[in-house]
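Please read these notes with the model open beside you. They are set out as numbered points.

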Amino acid sequence: MANPEAKLETFLQWLQANRVELRGCNIKYCDSRKGFGIFSDKDVSDGIMLVVPLELAITPMRVLQDPFLGPECRALFEEGDVDDRFLMMLFLTVERLRKGSLWKPYLDMLPTTFGNTLWFSEEELQELRGTNLYRATELQKKSLLNLYETKVKDLAKKLLNLDGDSEIEVCFEDFLWANSVFWSRALNIPMPRSYVFPEMQDVHQSGTPEADKKGSEVTQSDDLTKETTHSTVHGDTVWVEGLVPGIDFCNHDLKPIATWEVDGIGLTTGVPVSMYLLSGNIRFVCFQSRICL
């Protein structure tokens, strides 16, 4: 990993610019195998170690309202050609390649390769021949390659050209990376209905990345879309899939020592519509993927 400390410093500055609060923890580099980790640095009486405003989450609504990707994605979405998961994967693919991406400090912190069988070499896959896993991997990779060739490749290239990055080449591995990031890190987030559908509440803002004066803050625009195919509505809560920078760096565990919660009105954290990491007397949580419940 090149310059891990420099990446970390840039990421911490990006988190601060986007109003993420590290209340009882620090993020440190462990080693080349473990990557980065969240360390408890002080006792907090309420157990809240990290607070992330959900306006920072990468969700389908954010992609559709993005001034750069939004128009093209909305056209595909309204035609029924793609779903909301595809939108987030396309967003990750393009933003990782864009030289001027506001998300670069976060994306640079993510793993560059993964251990699942989609990343196996041909020689490694041959070791699985004759198994159900071999067949499943073969079918899944074929499906992803078809999606890349028919929808991702030309659209990503078009968007990069519009952004002045015409010399950048888009390859299947870029989309494969985005697919692996989504499936290893995305959370099913219970968001307040009034936040997802702000037309029901006159004074609520919503989610599009825009640069602040320093070009590092991700802020919100005037409205969110309700056209998400994998969202589920239960009363005043809408479950939306998305990536939450910071929270998504915690590892899975069958017996987790930390968990996350959503604070809709700011009663617990003082930060309305936020996700927070809740833990009891832990000293270390190493992260590469995400927390489990």
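1. Six bridges join strand S8 to strand S9 (residues 274-279), and the two run antiparallel. Helices (H or I, at least four residues) and strands (E, at least two) are DSSP runs, numbered from the N terminus. In S9, Leu277 stands opposite Trp260.

2. S8 and S9 belong to an open sheet of four strands, ordered S1-S4-S9-S8, with antiparallel pairing. Strands count as paired if DSSP finds at least two bridges between them. Strand S1 (21-22) and strand S8 (258-263) are the edge strands, each pairing on one side only.

3. This is a predicted model: local features need pLDDT of at least 70, side-chain atom pairs count only at pLDDT 80 or more, and totals for chains, interfaces and linings use all residues. Residues are numbered from 1 along each chain as its sequence is written, and side-chain values use heavy atoms, with hydrogens and water left out.

4. The mean pLDDT (the predictor's confidence in each residue, from 0 to 100) of the chain is 82, and 81% of its residues reach 70 or more. Confidence is highest in helix H8 (residues 172-185), at a mean of 96, and lowest in strand S10 (residues 284-286), at 42. Residues 282-293 have pLDDT below 50, yet this stretch has 70 contacts in the model beyond near neighbours in sequence. A contact means heavy atoms within 4.5 Å.

5. Helix H1 (residues 4-17) has 14 residues, which at 1.5 Å a residue should span 20 Å; its end C-alpha atoms are 20 Å apart, so the two agree. The expected span is 1.5 Å times one less than the number of residues.

6. Which residues of H1 are buried? They are Pro4, Leu8, Phe11, Trp14 and Leu15. These cover an arc of only 125 degrees around the axis, which puts them on the same side of H1; the arc is that of the directions from the helix axis to the C-beta atoms. Glu5 and Gln16, on the other side of H1, are exposed. Buried means under 20% relative accessible area, exposed over 50%, and partly exposed in between (1.4 Å probe, protein chains only).

7. The buried residues of H1 pack against S1, strand S2 (25-31), strand S3 (35-40) and helix H5 (104-107). Just after H1, Arg19 takes a positive phi of about 65 degrees.

8. For the chain as a whole, there are nine helices and ten strands. Of its 293 residues, 51% are buried. Among contacts with a separation of 6 or more, 72% are between residues 24 or more positions apart.
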